[in-house]
Amino acid sequence: MEVFTLQLFNGLSVSSILLLIALGLAITFGLMKVINMAHGELIMIGAYSTYLTQNIFKDVLPPSLFDWYFVLAIPVSFLIAFVFGLILEMSLIRFLYGRPLDSLLATWGVGLVLQQLARSIFGAPNVAVTSPSWLNGGVEVLGAVLPYKRLFIIGLVALCLLAMYFYIYRSLEGRRMRAVMQNRDMAACLGVSTRRVDAMTFAIGSGIAGIAGCALTLLGPIGPSLGTYYIVDAFMVVVLGGVGKLVGTVLGAMGIGIFNTMFEYWTNASLGKVLVFLCIVAFLQWKPMGFVAMRSRSLDS
Amino acid sequence: MLTLKKLTPARIWLLIGYAAAAAALFSAPMFLSDFRLNLLAKFLAFAIVALGLDLIWGFTGILSLGHGIFFGLGAYAMAMYLKLEAGGGKLPDFMGWSGLNQLPWFWKPFENFGFAVLMGILIPAVLALFLGFFTFRNRIRGVYFTILTQALVIITTTLLVGQQAYTGGTNGVTGYSKILGQSIASSDTKRMLYWITAAVLIAVFILCRYIVKSRFGKVLRAIRDGENRVRFIGYNPAVYQMVIFTISAALAGIAGMLFVLHVGIISPSMMGIVPSIEMVLWVAIGGRGTLIGAALGAVLMNWAKSEFSTTYPEGWTYFLGAVFIVVVVFLPNGLMGLASKFKLGKGKRRSEPEHDRVEYPAV
């Protein structure tokens, strides 16, 4: 029983991290058909932002306040990644609309440059971020110890998801975003500034990547190539979940996260990945567009 | 476009150009040191992958980020043969370290050179056919397909690293001494291998050219420019996509086999995500949709890499990143596109490929 609880929890934990990373991707891909390979590096930027926040707290502020650095680090990571995303969108991505494969290659280049920048600034070795002491330890459920850190991440992801939901489905900006997603030309005709919506959406997606980076600092040391470990899995979430609706991304992340943990427990790490991949290919035989696809009468959507 | 009947001046110049290039390739051993020759041979092997990639990306509009795997599987097939030949009946060293005391059954047939070569072509081809069968038929294409190929890279490399006893793990397979009884390190063998590589490259180039110029190639370009229209006319694009993807993977396998012969090692890091996407960059920089561009791009990029990456490792990464961005944004047709813009190519050029241009869907 306790093994089962632990496996389920681990699966949930992996899913939540995947979800946080895939959330931004799904939105930019769904809205702009841009494959952002530099997303992993935006995660890395978020992680280093947390690292810097920690250092500032350590050096400048009294030690009694140190434990609260993480509360500040989350918005800081979001903002810094947001700004990076905005710059990226305005300087490069907007020339690549309608060329998804080209955007993939160009953003890969951006990723390379950002990684090397991080290596030049912070050095190639990984750096450790001290987690705040209130996140150490865990809670015992059904005989299994669930670490607070992972619980915290799950909570954080739920919060982000909720915020995204309200942004997309309950705010004016979100309505514009959905309009552009569903019919760009018509939205533009009705006075929606698609340029602005694109820029905002991309920046928000990047900001969420920043939060993901912040969360990852809780799980281990961080390095310049932090994002690359997760990026392909996150894209698989998007492929599996389909684009256009949040619920698809959630299902995709849960599916991959839980199956991955299960298969890895039953077999081993490398075979588990193979099985997950085969399952995804098999699933796509049934639903080629993923769990949730936006209905459209257009042929090439 | 050009037939034997029409010997226009442009075509004559083109033929002279090809003949000169072939002559230069074959006479290179006379001018280059053994070290340089070995490097060039490696670049030529890469050019073969680039040709294969160009067939599916440049001509069919499908971007595969999985060619490192096909390349690597070909390389592993050859490496297994070389390892067994070097061992001379003894167990490969890494198997002993991992506690195996008997040669696994699937290693046995690789003692035969012919079998190894056959597998080096067939395994990548079958894997590609498998993936293609389950994706193209369901009209999974564009970026979805690209992401799946990338996932294929990840799982294959983790599998190779994980099954250390059978694959040599992270270190890969290395330590060869003989090929078909000849010492692999001697400069005579090396020269021979170079010539073989050059000959294979030329043969592959001619094959690709034949494919591209044929009716089949015309359908491929049509798929690139408007898959649905091709379908409405009555073709089944999936079949064409599968066939070309398989051919492309087989070419990558051939390249991998040649690569191992020149470099003497294959490991998972040589076939992972990064090498796979770099292969795409060679095609992009040379000019997708032009065969000669793809081959030249591969040689050029690798030459630049071997010149600069060791002296300026940091600068090289920045440069590489910048090349990705610049080529995509400013030079979508690569150096060949640039050349034709400045009328360097004398003959009339095909109109610029306009693939990847997906209109935003109207609901």
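Leaving aside neighbours within four places in sequence, G24(A) is in contact with H39(A), G205(A), S206(A), I208(A) and A209(A), two residues being in contact if their C-beta atoms, placed from the backbone, lie within 7 Å. The model is predicted: local features need pLDDT of at least 70, side-chain atom pairs count only at pLDDT 80 or more, and totals for chains, interfaces and linings use all residues. Residues are numbered from 1 along each chain as its sequence is written, while chains are lettered from A and ligands numbered from 1 in the order in which they are written.

G24(A) is found in helix α1 (residues 2-32) of chain A; helices (H or I, at least four residues) and strands (E, at least two) are DSSP runs, numbered from the N terminus. With 31 C-beta neighbours inside 10 Å, G24(A) counts as buried. A residue is termed buried if 20 or more other C-beta atoms lie within 10 Å of its own, exposed if 12 or fewer, and partly exposed in between, with C-beta atoms placed from the backbone. The C-alpha atoms of G24(A) and L284(A) are separated by 22 Å, the two residues being 260 apart along the chain.

Chain A contains 11 helices and two strands, arranged along the sequence in the pattern α-α-α-α-β-β-α-α-α-α-α-α-α. Its radius of gyration is 19 Å, close to the 19 Å that the globule rule gives for 301 residues, so chain A is as compact as a globular protein of that length. The radius is taken over C-alpha atoms, and the globule rule is 2.2 Å times the number of residues to the power 0.38. The C-alpha atoms of chain A fill a box of roughly 55 × 45 × 35 Å along the principal axes, and 49% of the 301 residues count as buried. Of the contacts in chain A between residues at least 6 apart in sequence, 77% join residues at least 24 apart.

According to an unreviewed UniProt entry, the annotation "transmembrane region" covers residues 12-31, 69-93, 105-128, 148-168, 202-223, 229-253 and 265-286 of chain A. UniProt positions are given in the numbering used here, feature names are shortened, and annotations may be inferred rather than shown by experiment. Residues 69-93 of chain A are 92% helix and 0% strand, with end C-alpha atoms 33 Å apart. For residues 265-286 of chain A, the corresponding values are 91% helix and 0% strand, with 26 Å between the end C-alpha atoms.

Chain B has 14 helices and four strands. A compact globule of 363 residues would have a radius of gyration near 21 Å, and the 21 Å of chain B agrees. Its C-alpha atoms fill a box of roughly 60 × 55 × 45 Å along the principal axes, and 46% of the 363 residues count as buried. Among contacts in chain B between residues at least 6 apart in sequence, 81% join residues at least 24 apart.

Helix α5 (residues 113-136) of chain B has 24 residues, which should span 34 Å at 1.5 Å a residue; its end C-alpha atoms are 34 Å apart, in agreement. The expected span of a helix is 1.5 Å times one less than its number of residues. A bend of about 25° occurs in α5(B) at M119(B), the bend being the angle between axes fitted to the seven residues ending there and the seven starting there. Buried residues of α5(B) include M119(B), G120(B), P124(B) and F136(B). The buried residues of this helix pack against α3 (67-87), α6 (142-162) and α10 (237-263) of chain B.

Between the two chains, 43 residues of chain A are in contact with 44 residues of chain B. On the side of chain A that touches chain B, α4 (100-122), α7 (184-189), α9 (228-241) and α11 (269-286) each supply at least two residues. The most is given by α4(A), with 13 residues. The residues of this side divide into 23 nonpolar, 12 polar and eight charged; Ala, Val, Leu, Ile, Met, Phe, Trp, Tyr, Cys and Pro count as nonpolar, Asp, Glu, Lys and Arg as charged, and the others, Gly among them, as polar. The buried residues of α13(B) pack against α4 of chain A together with α11 (273-286) and α14 (334-341) of chain B.
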